[in-house]
Amino acid sequence: MSSYASQKSAIGAGKLVRAALYAVLILFAVYYLLPLFVMLVNSVKTLDEIRGGNMMSLPEHFTFEPWLTAWSTAQIGVEPTGLRPFFVNSLFLVVPAVVISATLGALNGYVLTKWRFPGDKIIFGLMLFACFIPFQIVLIPMARILGLIGLAGTTSGLVLVHVVYGLGFTTLFFRNYYAAFPDELIKAAKMDGAGFIRTFTRILLPSSGPIIVVTVIWQFTNIWNDFLFGASFADFDSMPMTVALNNLVSSSTGVKEYNVHFAGAILAALPTLVVYIVSGRYFVRGLMAGAVKG
Amino acid sequence: MSFTVPGKTQSMLREILPRLVLSPSLFLILIFVYGFILFTGYLSFTDSRMLPSFDLVGLANYTNLWGQRNWMTALQNLAIFGILYIAICCILGLILAIFLDQKIRGEGILRPIYLYPMALSFIVTGTAWKWFLDPGLGLENTMHMWGWSSFTFNWIKDRNMAIYTVVIAAVWQSSGFVMAMFLAGLRGIDGEILKAAQMDGASNWSLYTRIIIPQLRPVFLSAFVVLAHLAIKAYDLVVALTNGGPGRATELPATFMYSYTFTRNQMAVGASSAVIMLAMIAAIIVPYLYSELREHR
Amino acid sequence: MAFLEIDNVCKSFGPVDVLKNISLDVEEGGFLVLVGPSGCGKSTLLNTIAGLEGLTTGEIRIDGDVIDDLPPAERNIAMVFQSYALYPNMNVGQNIAFGLEMRGMPKAERDAKVQEVAKTLQIEALLERRPGQLSGGQRQRVAMGRALVRNPKLFLFDEPLSNLDAKLRVDMRTEIKRMHQTFGTTIVYVTHDQIEAMTLGTKIAVLKGGIVQQYGTPAEIYNNPSNLFVADFMGSPAMNLIPVEIDGSWVRLTRDGDDPLVLDFDQLPASVGNMSGKQVIMGIRPEAITDSQGGAATRASSHRTVTAKCRIDVVEPAGADIFAITALGGKEVVTRLHQDWVGQAGQNHDLVFNLDKVVFFDAQSGERLR
């Protein structure tokens with residue numbers, strides 16, 4: 001690993017340099033933590049205290065009220081429903097979309113590495129490029145098609161959208177993982193009499209744990225955090241969490257309840273934050289796999 | 001040992017089954033990505049307004065587009081935002097990675113702190129920063145309360161400065177990720193080369209500038225590609241942070257496309273702006289993918 | 001009719017011909033080794049027998065049945081892979097049983113078979129372990145068990161020893177040979193190691209460029225190589241290949257700073273005798289050039305010999321023998337001397353040439369002159 005760094009620092013860097021190094025690193029830690037800290041602290045203050053006080057100060061009167069409001073009574077549309085129904089919408093959207101896109105990606109990766117045929121590289125290239133297109137280019141026809149097939153404004157429609165535009169990445173992940181899986185094992189399975197499907201379910205899939213985790217995390221965060229598709233294709237009843245949060249925060253009617261906004265923002269961030277905290281290692285690997293091909 | 005002589009259909013099935021499995025995905029991609037690109041491309045040559053129309057008007061929408069002040073603002077903002085966002089993320093990411101690579105105690109705590117914003121939705125990031133940058137409620141107010149009454153920081157309300165607040169929030173969100181990429185790159189460098197350089201008498205500074213950083217070129221390239229395509233796609237953050245304002249001061253191509261297509265009923269102009277966005281991204285991504293796929297097989 | 005017949009097999013990948021008209025056959029219980037440098041087509045040939053790759057033209061028969069169109073699993077062939085290809089997610093017992101399971105054999109029957117094979121291979125204690133917990137030798141045994149349990153008509157081995165360290169390789173080689181003798185199985189074995197080929201095979205096919213260079217018993221291949229490639233490839237240290245001039249029944253080898261060495265053969269085959277004035281390569285194995293002590297034994301077995309003083313340039317004691325290097329015909333020539341030989345590099349010593357072990361090649365075509 002980075003033994004050179006320790007050698008160098010042991011020889012070269014004095015105590016002062018070392019202290020400066022830590023100071024800079026801690027300063028940046030503060031920079032990254034500050035917005036989260038501000039949201040957290042102000043989500044448990046009363047509105048009066050926020051208006052009259054300092055955003056950095058800890059709450060004088062701790063209240064859990066904004067959280068309850070954000071969750072169950074805040075006015076998103078006409079009804080004071082809170083964010084709860086939209087949180088549920090997002091769950092009903094994310095779970096099937098992740099499962100379907102990951103399954104298809106795994107099968108695609110399997111075919112593209114272990115059952116290669118002429119033209120497979122072109123197909124992979126087409127799928128890969130699809131990862132990077134600006135989604136604005138598909139918004140208009142997608143809206144039309146969803147209307148044509150009767151899925152406009154539904155959660156199923158959004159599931160379809162997220163499956164389609166997540167396929168490139170899930171295929172990429174599994175393809176790169178399976179490319180490193182020894183071909184001899186596939187040959188051995190063939191000799192043993194396992195066909196296309198049993199080779200996959202009995203040999204590859206049981207060894208795919210790490211890449212399944214990476215793919216699920218990647219898809220989960222991307223779909224949960226999506227705003228553009230939700231804003232474009234969902235109607236009020238199928239609106240995902242991000243869109244609801246944005247409506248809550250930017251609604252121009254009534255008093256701006258900042259504490260409720262913050263509680264809502266943290267609620268919207270919570271699932272992905274939990275995933276990140278629980279499996280940060282895989283999260284990083286997913287991000288990197290999305291960035292560096294090979 | 002059972003010996004079943006396979007029928008022709010059975011061996012045919014064996015041949016085509018893999019392709020059969022791939023075909024739904026391929027079908028979806030061909031229709032929903034490439035078909036849609038063609039459709040949007042076609043619309044950009046029509047007189048579509050609120051609904052798609054199929055009457056061709058040649059390049060009228062493109063000339064219209066380039067004559068729009070809003071579009072020029074959007075491109076200008078994209079240039080400012082893109083360059084600053086990429087440059088600051090790379091510099092910050094590299095510095096943090098190098099600092100963190102000095103056998104820092106507590107690296108295991110600092111690294112996740114730098115990285116967690118990437119897990120958040122841009123909408124959440126935008127909500128947090130909107131408030132943090134608000135002169136009446138956020139940083140400026142805090143400084144006043146702490147006694148620094150002359151402190152002003154009202155960029156978010158300032159037409160000329162608002163785009164930089166988008167940069168601040170976007171850098172906050174992505175720089176930790178770039179740091180992680182550089183850190184992985186640093187950890188992947190062959191230690192023997194560095195020992196050799198030290199034997200040659202390289203100083204700490206020249207070790208990094210002459211030996212290490214040049215070897216990180218692939219990481220710079222990957223970071224550039226990822227950040228550039230995020231910049232061109234940037235939409236949610238602007239919506240949540242400034243909603244394109246004040247006025248249209250933080251308009252970006254993505255917000256421009258959305259508002260022209262869905263709220264201003266100028267679908268054809270929106271389509272042509274989307275085509276331009278695609279062209280910009282393709283100009284960056286296609287050569288990158290081409291070289292990557294070439295090298296690795 | 002032989003047990004395994006490979007009949008005029010050709011295989012091309014696009015414009016590249018990987019196998020060109022390969023015809024080989026193996027008797028039941030035979031041990032065929034396919035040997036050659038990497039890229040010679042030996043692994044492709046093995047894969048076509050296994051059914052993992054199709055062939056372009058030609059036919060492969062086992063026991064008289066054409067198997068070309070059968071999928072691998074229905075050919076009744078088992079294969080041991082270079083990496084052993086043990087399924088990492090299954091334990092040893094499950095690995096061995098997997099092929100039986102895929103064929104729909106009931107669990108009880110499967111378990112009994114696995115137990116039986118594990119017993120013969122002495123891996124009963126390992127049945128619950130995962131492949132990752134096994135040593136290289138144990139993995140090979142499991143791989144062999146997986147092949148044996150199906151009781152196939154034919155075993156294929158794809159360089160199974162190349163991942164092992166030197167000592168283990170020798171042990172496992174013996175183990176494979178023992179398995180062959182115990183079970184009387186028919187084996188096709190691919191290797192790039194000519195020592196493995198010599199020690200294991202009942203028949204060896206030397207391949208290069210998708211063409212069978214020579215097919216025969218190990219002794220035939222070793223003593224009567226049919227061309228320069230086979231002569232050079234088989235044997236360690238390699239056969240000395242020395243450019244010579246032919247003059248009647250005399251063979252003249254030039255020497256630096258000395259008179260040429262002339263070997264008088266009394267009689268040369270006509271094909272060699274006709275080559276006077278043309279380029280001829282003489283092949284002689286190191287053990288056919290020895291010192292006077294070794295030469296006595298050669299003479300005693302009534303071989304024709306010639307004794308000549310040659311300058312020894314380098315001496316390499318190798319324990320059982322001493323290899324001494326001299327220069328003839330502008331080439332370094334390796335000789336194999338008795339372990340008691342005493343002498344110094346840089347001096348002239350008597351060397352005994354066994355003329356009965358000499359072979360000649362046309363330098364132009366590389367073909368053997370018989």
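This passage describes how chains B and C meet chain A, and then how chain C is built. The model is predicted, and local features need pLDDT of at least 70, side-chain atom pairs count only at pLDDT 80 or more, and totals for chains, interfaces and linings use all residues. Residues are numbered from 1 along each chain as its sequence is written, while chains are lettered from A and ligands numbered from 1 in the order in which they are written.

Between chains A and B, 77 residues of chain A are in contact with 86 of chain B, two residues being in contact if their C-beta atoms, placed from the backbone, lie within 7 Å. Helix α1 of chain B (residues 8-43) supplies the largest share of chain B's side, 17 residues. Helices (H or I, at least four residues) and strands (E, at least two) are DSSP runs, numbered from the N terminus. By class, this side of chain B holds 61 nonpolar, 16 polar and nine charged residues; Ala, Val, Leu, Ile, Met, Phe, Trp, Tyr, Cys and Pro count as nonpolar, Asp, Glu, Lys and Arg as charged, and the others, Gly among them, as polar.

Turning to chain C, 17 of its residues are in contact with 14 residues of chain A. Two elements of chain C, β6 (77-80) and α2 (92-102), each give two or more residues to this side, and α2(C) has the largest share with three residues. Twelve of the chain C residues here are nonpolar, four polar and one charged.

Chain C itself has ten helices and 22 strands, and its C-alpha atoms fill a box of roughly 80 × 45 × 35 Å along the principal axes.
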